[in-house]
Amino acid sequence: LDAAALAPAPAPASAAVAADGCLTVLDVVETRPELSALRDALASLPNIRAAMDDASRTDTFFAPTNDAIDGLTRWGGFVERAKVRPPATRRRRRTRGPFFLGLP
């Protein structure tokens, strides 16, 4: 790999920078166009968003790009199966009344 591929990407000018000069994971996800699919998926996950917006956390987060998400869904056939297969329904088990161990 060349040095340009390994160099960190510059922070977008529109991102809010914390007092120590660091961006939160959520700042990066919300401002990078190549992470828009991840941003959209996180829109309905408030607890995860809160954790990603906590500047005191020191977690490592591997953010999949739009191309990676698209490639994974095409590779696994998820898109085709989602269009063809109806949603699964849960079946209720029937019981015949109380069951006591050791009794006929």
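Contact here means heavy atoms within 4.5 Å. By that rule Leu26 touches Arg49, Met52 and Asp53, leaving out residues up to four places away in sequence.

This is a predicted model, where local features need pLDDT of at least 70, side-chain atom pairs count only at pLDDT 80 or more, and totals for chains, interfaces and linings use all residues. Residues are numbered from 1 along each chain as its sequence is written, and side-chain values use heavy atoms, without hydrogens and water.

**Core.** Leu26 belongs to the largest nonpolar core, together with Val29, Leu35, Leu38, Leu42 and Met52. Such a core joins buried Ala, Val, Leu, Ile, Met, Phe, Trp, Tyr and Cys residues through side-chain atoms within 4.5 Å. Helix H2 (25-31) and helix H3 (36-42) each give two or more residues to this core. Helices are DSSP runs of H or I, at least four residues, numbered from the N terminus.

**Two partly exposed residues.** Buried means under 20% relative accessible area, exposed over 50%, and partly exposed in between (1.4 Å probe, protein chains only).

| Residue | Relative accessibility | Class |
|---|---|---|
| Val28 | 28% | partly exposed |
| Phe78 | 42% | partly exposed |

Val28 sits in helix H2. Beyond its neighbours within four places in sequence, Val28 contacts Leu23 and Leu35. Val28 and Asp53 lie 25 residues apart in sequence, with 9.8 Å between their C-alpha atoms.

Phe78 lies in helix H6 (residues 78-84).
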